[in-house]
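Here is a short briefing to read alongside your structure. Please keep the viewer open as you go through the points.

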Amino acid sequence: MPLPAAPLPSRLPASAASDGHEWACSPADFGRIQSLIHKRAGISLHDGKLSMVYGRVSRRLRATGHRSFKSYLDWLEQHEGAEWQAFINVLTTNLTGFFREQHHFTALADVLATRRTHAWRIWCCAASTGEEPYSIAMTASETLGPGSSFRIVCSDIDTEVLSTAQRAIYSIDAGKGLSAQRLQRFFMRGTGGNAGLMRVKPEMQKNMEFRTINLIEEPLFTEPFDLVFCRNVMIYFDAATKRQVLARIHRVLKPGGLLFVGHAESFGQARDLFVLRGKTIYERI
Ligand SMILES: C[S@@+](CC[C@H](N)C(=O)[O-])C[C@H]1O[C@@H](n2cnc3c(N)ncnc32)[C@H](O)[C@@H]1O
């Protein structure tokens, strides 16, 4: 998510006029944002995130015509409309990449190879702009072969990144780490006005579905999953929220199902739910 180029405050400005920033963001306003995003998305924003929050929420003030953080937040809290989604979208951090944490994809291929004819169900629950679920899909296609049966549910709380995932169009630069073989097999290269872009081949999407799912709410699935990828999102949650999310994932995984998490995600609060099976790969107990 691009950040505005304007210089950002390094501490809480008392007022817009006194510190030269466009809008006043008082400690009370910042506290309200921290509590609203925690309540709605489970995201814990510590005080060091003030500059980031100021820059991102300013975009919503500009878009909605509010002249102060207070007025925007009063209005937001009084309405249950689309602005809530926009508010959440600006406050998520969506960094991702193809085959990020490569060792997970090597492990995934090994797991899939154990039952090539099985109808695999995989949930990628913080899919961001799609590089992660397409990396899963490429690995599944390569390992399971033609006519393979797998379904990947790709979800995120952020509707904007999820539409990018569904559009499946990336800059050539985003695919720099992909082998020539993968680029040729799974992508189409843009020409003319689309030069510099590449698109995931449409047949890749036949096994994928895209859904907006908030991890702090109970997801509605009719069938359980063999594998869940929940990577680099729990770092934004406090211990209690993390525990609730892990319990929810435990409920939608089949017995013996596997959970893949990010390298910085600790599991102290869920030893009764998952047991370590590989590097940041856990098995449902
Ligand atoms: C840093 S990205 C990680 C993307 C990908 N999993 C990876 O590891 O490359 C974190 C993602 O989690 C999503 N997210 C944050 N809070 C969420 C929530 N409560 N429910 C679902 N997704 C959430 C964000 O929108 C963002 O796309």
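The axes of helix H6 (residues 103-114) and helix H7 (residues 131-144) come within 9 Å and cross at roughly 40°. That makes H6 oblique to H7, oblique being what is left when angles under 35 degrees count as roughly parallel, over 145 as roughly antiparallel and 65 to 115 as roughly perpendicular. This is a predicted model, where local features need pLDDT of at least 70, side-chain atom pairs count only at pLDDT 80 or more, and totals for chains, interfaces and linings use all residues. Residues are numbered from 1 along each chain as its sequence is written.

**H6 and H7**
- The H6 side of the meeting includes Phe 105 and Leu 108, and the H7 side includes Ile 136 and Leu 144; contact requires C-beta atoms, placed from the backbone, within 7 Å.

**Helix H8**
- In H8 (residues 159-167), the buried residues are Val 161, Leu 162 and Ala 165; buried means 20 or more other C-beta atoms within 10 Å, exposed 12 or fewer, and partly exposed in between.
- Seen down the axis of H8, these buried residues fall within an arc of 100°, so they line one face of the helix.
- Their packing partners are H7, strand S2 (150-156) and strand S6 (208-212).
- Just after H8, Ala 168 has a positive phi of about 65°.

**Arg 32**
- You will find Arg 32 in helix H2 (residues 27-41).
- Arg 32 is partly exposed, with 17 other C-beta atoms within 10 Å.
- Between the C-alpha atoms of Arg 32 and Phe 69 there are 9.9 Å, and the two are 37 residues apart along the chain.

Terms used: Axes fitted to C-alpha atoms, helices over the stretch in contact; angles between N-to-C directions. Helix = DSSP H or I, 4+ residues; strand = E, 2+ residues; numbered from the N terminus. Contact = placed C-beta atoms within 7 Å. Arc of directions from axis to C-beta.
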